[in-house]
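Please have the picture in view as I talk.

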Amino acid sequence: MEKTVITIARSYGSGGRTLGKLLAKELGVNCYDREILRMASDKSGINEALFGQVDERLKKSPLFGIVKKNPYKGGVLSPESEDFISDDNLFNYQAMVIKELAKEESCIIIGRCADYILKDYDNVIRLFFYAPREDCIARVQGQNGGTEKEIIKKIEKTDKYRFEYYKYYTGREWNDARNYDFCLDTTSMSYEKLVQVVKAYIDICRN
């Protein structure tokens, strides 16, 4: 396996983003998160701000969780299309960038339904990080501060959005272990230990 792409899905407060960046440093590869929005903007010629606005618009929409799902099928619309800057086409450009990265380099991709977009690729290891609510609360409070009530509200809102976003674009359940190769409870482990555990699993997959 010449190139290995690691996708990371994570519950809010599990430390998944931090873990992904530390793992990338340990493996000597790039880690892509919101950078994909800039790359999709460069690829499409669509203003990067529009990609960021999609996330915020969907988060605030009361209809997002009940709209008909629209699983990603590949391809992008041409600039001549009236739906060129639609939310779905902006997602399609992000997917295009993710596929190109998977072909070009070993890397880590956080979120963005990357595990589903790359479901037909052989060089992909799909990870899901989670933790019990009390552990997520403690981690968020340690990093960002805030009251327990505020943090619980943030956790519930963020995980609900991730669930609905994933369901809309994949037709699958975001927290279904069957979507992933390796699911890890990050409770009571230091980031250093977590990195070593995940790295050991990746080494097994490569050999």
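**Helix contacts and a pocket**

Let me begin with α6 and α7, whose axes come within 10 Å and cross at roughly 110°, where axes are lines fitted to C-alpha atoms, for helices over the stretch in contact, and angles run from 0 to 180 degrees between N-to-C directions. That makes α6 roughly perpendicular to α7, since angles of 65 to 115 degrees count as roughly perpendicular, under 35 as roughly parallel, over 145 as roughly antiparallel and the rest as oblique. This is a predicted model, in which local features need pLDDT of at least 70 and side-chain atom pairs count only at pLDDT 80 or more, while totals for chains, interfaces and linings use all residues. Residues are numbered from 1 along each chain as its sequence is written, and side-chain values use heavy atoms, with hydrogens and water left out.

Helices here are DSSP runs (H or I, at least four residues), as are strands (E, at least two), numbered from the N terminus. Arg133, Cys136, Ile137, Val140 and Gln141 of α6 meet Glu148, Ile151, Ile152, Ile155 and Glu156 of α7, contact meaning heavy atoms within 4.5 Å. By kind, the residues of this contact are six nonpolar, one polar and three charged, where Ala, Val, Leu, Ile, Met, Phe, Trp, Tyr, Cys and Pro count as nonpolar, Asp, Glu, Lys and Arg as charged, and the others, Gly among them, as polar.

Next come helix α2 (residues 35-44) and helix α4 (residues 87-104), whose axes come within 9 Å and cross at roughly 105°, and which are therefore roughly perpendicular to each other. The residues of their contact divide into nine nonpolar, two polar and two charged.

Helix α1 (residues 16-27) and helix α8 (residues 191-206) pack at an angle of about 60°, their axes 10 Å apart, and that makes α1 oblique to α8. Among the residues that make the contact are Leu19 and Leu22 of α1 and Leu194 and Ile202 of α8.

Finally, what lines the largest pocket? A pocket is found on a 1 Å grid over the protein atoms alone, as an open set of points where a 1.4 Å probe fits, with protein on both sides within 12 Å along at least five of seven lines, and lining residues have an atom within 4 Å of a point. The lining has 37 residues, of which Arg10, Tyr12, Arg17, Thr158 and Arg162 lie nearest the centre of the pocket. Of the elements, α7 gives the most to this lining, with seven residues, and the lining as a whole divides into 13 nonpolar, 11 polar and 13 charged.
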